[in-house]
Amino acid sequence: MYCFPYRVTATAPGCGVIDVLPNSISRDMLGREAVNGLYEYFKSKFGNENSIEFEEARHNFIKSLAAYSIISYLLQFKDRHNGNIMYDDKGHILHIDFGFCFDIVPGGVKFEAVPFKLTKEMVKVMGGSNETESFKMFEELFIKGFLSVRPFYELIVGNVIPMLDSGLPCFKGEKTIRNLKQRFFLNKDDKEVISSLKGLIKSSYESMFTVGYDKFQKITNGIPY
């Protein structure tokens with residue numbers, strides 16, 4: 001799988017410098033440049049769907065989508081409108097702006113009541129349905145990646161606990177820790193976890209909550225979707 005960690009350097013209270021994501025463009029900017037959809041963007045940039053370049057870009061997209069879906073689910077990234085989702089020149093999806101995570105949502109309204117963002121246009125890049133080989137590759141990577149992360153839940157939870165007293169609004173005390181642990185399905189065996197993970201994918205795929213939030217962002221902020 002693939003994700004792109006970038007550095008945030010604190011320079012003063014409430015101030016800092018954030019690394020630039022090189023060779024990338026937001027989905028928002030693609031929309032403003034009159035690109036009709038993500039699949040159309042991939043074709044225009046990487047060539048015909050049967051080309052080696054397109055296939056490599058699609059694999060990069062799938063590997064990164066699986067990784068960011070796991071992270072988004074576990075850390076509950078919200079505000080996932082198209083201004084906060086980017087694509088690099090190799091086809092990877094990249095997420096930015098993590099101001100809303102864990103137990104805080106934009107405006108206090110739970111528009112994004114889904115495990116992670118998985119839209120129809122994302123699935124179109126993977127062949128257009130949940131029955132394609134590419135979609136099944138995404139599903140397999142998502143499941144294998146989650147099962148690989150799960151044994152390290154104590155380390156992850158241990159990194160969150162010291163932040164509970166930070167004063168940051170996304171941390172709600174013991175509630176945050178309890179919710180985080182629940183997302184690891186600690187009371188289930190691997191077979192049960194796999195079934196639950198497939199359920200997460202199914203509930204995320206083109207959820208009406210995701211569509212509604214994208215429409216809300218277009219109306220209020222002019223962000224295309």
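**Close-up 1. Glu 49, Glu 55 and Arg 58 form a network of salt bridges.** A salt bridge here is a side-chain nitrogen of Lys or Arg within 4 Å of a carboxyl oxygen of Asp or Glu. This is a predicted model, in which local features need pLDDT of at least 70, side-chain atom pairs count only at pLDDT 80 or more, and totals for chains, interfaces and linings use all residues. Residues are numbered from 1 along each chain as its sequence is written, and side-chain values use heavy atoms, with hydrogens and water left out.

**Close-up 2. Glu 55 pairs with Arg 58 in a salt bridge.** The N to O distance is 3.0 Å. Both residues sit in helix 3 (residues 52–75), 3 residues apart, so about one helical turn separates them. Helices are DSSP runs (H or I, at least four residues), numbered from the N terminus. Arg 58 is buried at 7% relative accessibility. Glu 55 is partly exposed at 28%. Buried means under 20% relative accessible area, exposed over 50%, and partly exposed in between (1.4 Å probe, protein chains only).

**Close-up 3. A salt bridge joins Glu 40 and Lys 124.** Their side chains meet at 3.3 Å, N to O. The pair links distant parts of the chain, 84 residues apart: Glu 40 lies in helix 2 (residues 38–46), Lys 124 in helix 4 (residues 120–125). Glu 40 is partly exposed, at 31% relative accessibility. Lys 124 is also partly exposed, at 38%.

**Close-up 4. Glu 131 meets Lys 136 in a salt bridge.** Here the N to O distance is 3.8 Å. Glu 131 is exposed, with a relative accessible area of 58%. Lys 136 is partly exposed at 39%. The structure holds 7 salt bridges, as defined above.

Conventions:
Helices (H or I, at least four residues) and strands (E, at least two) are DSSP runs, numbered from the N terminus.
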